[in-house]
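Try each task before you read its solution.

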Amino acid sequence: MNKNKASFRDPDGFICVEDNKIFRIINESYKPNYELLMQSGLYEELVSKQYLISHSEIETNEFWKKIFPVQVPFISYPYEWSFSQLKDSALLTLKIQRIALKYGMSLKDASAYNIQFLNGKPIFIDTLSFEKYEEGQPWKAYRQFCQHFLAPLLLMQYTDLRLLLTLKNFIDGIPLDLAIKLLPLRAKIRPSIFTNICLQVYFSKKYEDKNIDFKKTANISKEKLLEMNEQLQDLVMSLKFPHADTEWGEYYTFTNYSDNSFKAKADIVSSYIDTIKPQSLWDLGANNGHFTRLASEKGINAYAFDIDPVACEKNYNQIKRNQEKNLLPLLFDLTNPSPSIGFANEERGNLLERNTPDCIMALALIHHIAISNNVPLIMIAEFFSKLAPYCILEFVPKSDSQVKKLLATREDIFPEYTEEGFEKYFFEYYDIIEKNIVGESTRTLYLLKRKK
């Protein structure tokens, strides 16, 4: 048994890994809360509504309890989500808290890291987050909810979508005093925001040096807690994805593909997927996920990585509208991927420390990495080869209008960026299975297999 190095904060239990499967160990200190969770009806209601991940109990003589939860194929983090993914996760957390109160329990924490995405929907994964409700006590996780969910959502709507990425620097959520400094006045004077952000900071500073036991002085009824929960829900529900013009939000509207070439590309990619039959696939530079769906619609666990927040938002909203499964869009900069963060850099893993796929796709992406970011082709090939045994690539030559746009305002210092140069370096790491010209275009699609 290998204890997960990120699982050290909760004294009531921890995560461990055996044979690449995740288990949760429950200490005897959590016994009263676990029994209440399981016997009150709360667990059954949350699982039946697909709000909480289900589990089975495993026999053990070493610990008080050992449970085996439904496995989430890919762990993602809040700073990799779209606006609506974070918003839906916030609303789910509030729903769970309301239901828990009905059964005499409460969430002791409201971390965004307690949420993952499964079958196109957010789901709560921390079984040990529930504790017995104590009459008159405030919601212990209120401030954490505001830091992990409310503050970043407000900053994304009122200031800039990119401020979501500040969660990489603040693993415990965005400090509320910082949020106040970054929010415009029109946001801060909104009554619900003033109450939940500004007043909270004011009272925290006012009493930070006072020796006050709030557990003894507080007297908040369950009805008041439910009212506060509903007010938070109304505030989160009112937040809207801001209008934003980004470089890639309407990418497929302005490509130089003819309809025939676009269809030909889809047909070739689909045939490549059928050839290798992967169980999981990462689409790097997926935009709105049009081509990623060629995999997800075949029942393959597909992940649509893109740097553009508008593209990721559109992709997620399409998943919601169509109730799609097997597809997860994630906000991701391939030239600056999510790092390992937290204590000893081991709480939240980087890209290569998570489950890598059977296949990656990089369609019309290589030129952006090589030319826009000056990354040598040999380094791209080496990095891709570490991610998956199979690779579906599209090479776009300098004669293509999209590459001409990249070179229009800069010196062409890329003599090796040719089809021959591409093949020279990529074939050091891969064997070629198939190669096809895309319809009436000058672009080439490759199906590659990593060398042994």
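This is a predicted model: local features need pLDDT of at least 70, side-chain atom pairs count only at pLDDT 80 or more; totals for chains, interfaces and linings use all residues.

**Exercise 1: the surroundings of Asn114**

Asn114 has contacts (heavy atoms within 4.5 Å) with Asp109, Ile123, Phe124, Ile125, Asp126 and Ser129, once its neighbours within four places in sequence are set aside.

Residues are numbered from 1 along each chain as its sequence is written, and side-chain values use heavy atoms, with hydrogens and water left out.

Solution. 
- Step 1: Helices (H or I, at least four residues) and strands (E, at least two) are DSSP runs, numbered from the N terminus.
- Step 2: apply the burial cut-offs. Buried means under 20% relative accessible area, exposed over 50%, and partly exposed in between, with a 1.4 Å probe and protein chains only.

**Exercise 2: positive phi without glycine**

Task: for Gln50 and Asn345, state the phi angle and the loop of each.

Solution. 
- Step 1: Gln50 is not a glycine, yet its phi is positive, about 60°. Its place is the loop between α2 (42-48) and β4 (55-58).
- Step 2: Asn345, also not a glycine, has a positive phi of about 55°. This residue belongs to the loop between β12 (327-331) and β13 (359-362).

**Exercise 3: aromatic pairs**

Task: classify the ring pairs Trp139 with Phe145 and Phe422 with Tyr446.

Solution. 
- Step 1: recall the rule. Rings of Phe, Tyr and Trp (its six-membered ring) pair if their centres lie within 6.5 Å; planes under 30 degrees apart count as stacked, over 60 as edge-to-face and the rest as tilted. The structure holds 27 such pairs.
- Step 2: Trp139 and Phe145 are 6.0 Å apart, centre to centre, with 40° between the planes, a tilted pair. Trp139 is buried at 5% relative accessible area, and Phe145 is buried at 0%.
- Step 3: Phe422 and Tyr446 have ring centres 5.0 Å apart and planes at 50°, so this pair is tilted. The pair links distant parts of the chain, 24 residues apart: Phe422 is in helix α16 (residues 419-426) and Tyr446 in strand β16 (residues 444-450). Phe422 has a relative accessible area of 0% and is buried; Tyr446 is buried, with 0% as well.
- Step 4: look around this pair. Phe422 and Tyr446 belong to one aromatic cluster, whose members include Phe383, Tyr417 and Tyr430.

**Exercise 4: the whole chain**

Task: how does the radius of gyration of the protein chain agree with that of a compact globule?

Solution. 
- Step 1: the globule rule is 2.2 Å times the number of residues to the power 0.38, and the radius is taken over C-alpha atoms.
- Step 2: for 452 residues a compact globule would have a radius of gyration near 22 Å, and the protein chain has 24 Å, which agrees.
- Step 3: The C-alpha trace spans about 75 × 60 × 40 Å along its principal axes, the chain has 16 helices and 16 strands, and buried residues make up 52% of its 452 residues.
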